[in-house]
Amino acid sequence: MKVRAVQYVVLLGVAAIFLGPLYWLISAAVKQPAEIYQWPPVWWPDDFTWGNFKLAWDAAPFDRFFVNSTVITVAGTILKVANAVLTAYAFAYLRFPFKKVLFLLILGAMMVPGHVTLLPNYLTVASLGWINTYAGLIIPGIGSAFATFLMRQHFLTLPGEVTDAAAVDGAGHLRTLWRVVLPMSRPMLVTVVVITAVEEWNNFVWPLIVTNTAEMRTLPVGLLILKDEEGLANWGTIMAGTLLVLAPMLLIFLFAQRYIVGGITQGALKG
Amino acid sequence: MTVVDLPARAHPDEVRQPPGTDERRRRTRREYGLFALLVAPNLLVIAVFAYWPIVYNAWLSLTDWNMIAARPTFVGLDNYVNTLTDPAFHKTLGVTVAFTGLIVAGSLVIGLALAVLFNQPLKGRGLVRTISFAPHILSGAAVATIWLFVFDPGYGLMRALIEPFGAEPPDWMNNSDWALPGLVIVYLWKNVGFTALIYLAGLQGLPKELDEAAAIDGAGTWTRFRAIKLPLLAPISFFLLITTVIGTFQAFDVIAVMTGGGPGDATTTLSWSIYNEGFQAFNAGRAATLSIIMFAILLVVTTIQARVMERRVHYR
């Protein structure tokens with residue numbers, strides 16, 4: 001029983017380590033400056049305020065950041081997942097010469113680390129005239145190798161009778177995909193959508209490079225600008241801004257954590 | 001990754017023998033056309049934004065270009081010679097290896113320890129597991145900003161943790177001895193919950209019989225863990241090792257927000273110096289050279305992974 005007690009203490013300690021910084025963030029965001037800059041620290045704010053959020057919102061165009069992040073995440077996820085699903089379907093169900101080579105060519109893209117492509121992609125996007133545009137932010141990221149691989153592997157496990165029956169009923173390929181194959185692949189589809197959306201929302205280095213005006217920045221990049229503008233002397237404002245960036249993801253995680261945790265581990269383990 | 005090469009299933013269109021060969025040829029053509037239509041957009045984006053950059057980098061690495069002049073000047077292998085003999089580059093490599101090594105070791109050891117803890121029959125373990133995973137899906141830039149405040153020597157959470165032990169809190173991010181360990185702490189805090197979850201899935205998938213048999217033979221908990229569970233988890237450890245190395249080599253947002261490669265060059269990793277040379281110093285040739293070097297290093301890592309995975313599949 002003594003072992004159990006120790007285990008519970010460790011478990012509580014682990015929870016504290018991961019919650020501590022988040023509590024520090026949230027409490028500072030609603031503290032008056034006087035309470036932030038006080039030692040020993042004020043653990044529970046006496047004088048709640050929403051003022052920090054207003055200061056952050058006024059210091060940088062957070063409304064634009066929100067719109068941009070949302071557009072990029074939604075459009076980027078839809079296009080990338082569509083690419084994955086269509087490519088995977090073609091490789092699982094259609095004939096084509098040199099199909100194997102083509103598939104290896106797609107998988108090979110996983111060997112190219114994203115960070116290595118930054119400079120050439122910047123130059124390519126510049127020559128397309130896409131700097132500081134949604135196209136420049138979204139298009140370079142919609143090629144899909146890993147998600148294509150996951151979807152194809154899943155399609156090949158589906159019972160052949162079902163797709164055969166659909167074809168006998170006269171359904172074309174796209175109809176079979178939409179009506180039969182996709183509904184049977186819902187868990188894998190959720191996995192792929194979750195992984196993609198989280199990546200798009202959190203993407204930092206590409207939006208940093210490819211945008212150059214405040215109106216086109218996304219939330220994570222906007223946060224860097226807020227921090228640089230406020231210096232490190234105004235933690236209340238900066239923490240409020242940080243909370244604005246994190247809040248949507250935290251809320252989604254709270255309600256859909258089962259799918260997110262499941263999706264990301266599934267994705268990693270299947271690969 | 002294991003590519004299980006299942007043959008594509010024949011669509012009944014192909015199985016049903018069409019009446020004439022003309023009809024069959026038309027069907028085949030239509031199928032080829034549909035295939036091309038479905039695959040082309042993906043393949044095009046991959047070609048332009050994943051493969052072309054390697055060729056482009058290779059070319060740029062042989063040139064000198066400030067990205068303003070009309071065209072790059074060909075300089076042969078100068079960039080490689082200059083880079084590989086530059087003490088600053090050696091320092092960068094050292095920092096990158098230290099950063100990666102600390103994070104790989106930390107995340108595997110702590111991740112496995114957490115997984116073992118989460119595998120005990122404890123009330124609330126599911127909740128703590130979820131809490132520890134949450135930082136993994138949060139924006140790296142935002143997590144870094146939180147930790148800048150946590151590390152604040154005057155009013156940060158760390159001061160409250162360190163002072164009771166009678167020690168003076170360091171000025172983490174402005175101190176060249178503490179900045180790198182500070183980044184490692186942040187990176188581990190963000191990602192160790194993911195490692196733990198993967199290890200937990202591995203632990204729960206282990207066959208119970210071996211463990212039970214060993215227990216009957218009188219093997220203690222630690223012996224069973226070391227002699228049975230740890231070796232059986234080796235494939236998962238290997239997978240995590242490789243993916244962590246690849247991820248950490250490209251770590252950028254946490255460094256960009258917290259240190260910008262500083263103080264001095266104390267946290268200048270290969271990934272930061274690619275950004276710095278390309279987008280702050282506008283030295284395209286140098287940035288491309290560093291990119292090719294990073295690509296080569298990670299290619300070796302992924303090739304080792306592919307080899308090992310292949311062998312495992314063969315011996316099974």
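Angles under 35 degrees count as roughly parallel, over 145 as roughly antiparallel, 65 to 115 as roughly perpendicular, and the rest as oblique. Keep that in mind, everyone, and please remember that we are looking at a predicted model.

Let's start with a pair of helices in chain B. The axes of helix 5, residues 125–137, and helix 8, residues 179–204, come within 6 Å and cross at roughly 125°. By the cut-offs I opened with, these two helices of chain B are therefore oblique to each other. As for handedness, helix 5 of chain B passes helix 8 of chain B in a left-handed crossing.

Who makes the contact? From helix 5 of chain B we have B:Arg129, B:Ser132, B:Phe133, B:Pro135 and B:His136, and helix 8 of chain B brings residues including B:Trp189, B:Lys190, B:Gly193 and B:Phe194.

Now over to helix 2 of chain B, residues 21–60. Where does this helix bend? The bend, about 45°, is at B:Trp52, and a proline, B:Pro53, follows within four residues. That proline, B:Pro53, is also one of the buried residues of helix 2 of chain B, a list that includes B:Phe49, B:Ala50 and B:Asn57 as well.

Last stop, the contact between the two chains. Chain A puts in 82 residues and chain B 77 residues. On the chain A side, helix 14, residues 235–270, supplies the largest share, 14 residues. What is the make-up of that side of chain A, the one that touches chain B? There are 59 nonpolar residues, 20 polar and three charged.

Note on methods:
Residues are numbered from 1 along each chain as its sequence is written. Chains are lettered from A and ligands numbered from 1 in the order in which they are written. This is a predicted model: local features need pLDDT of at least 70, side-chain atom pairs count only at pLDDT 80 or more; totals for chains, interfaces and linings use all residues. The bend at a residue is the angle between axes fitted to the seven residues ending there and the seven starting there. A residue is buried if 20 or more other C-beta atoms lie within 10 Å of its own, exposed if 12 or fewer, and partly exposed in between; C-beta atoms are placed from the backbone. Two residues are in contact if their C-beta atoms, placed from the backbone, lie within 7 Å. Ala, Val, Leu, Ile, Met, Phe, Trp, Tyr, Cys and Pro count as nonpolar, Asp, Glu, Lys and Arg as charged, and the others, Gly among them, as polar. Axes are lines fitted to C-alpha atoms, for helices over the stretch in contact, and angles run from 0 to 180 degrees between N-to-C directions. A crossing is left-handed if the near helix is turned anticlockwise from the far one by less than a right angle, and right-handed if clockwise.
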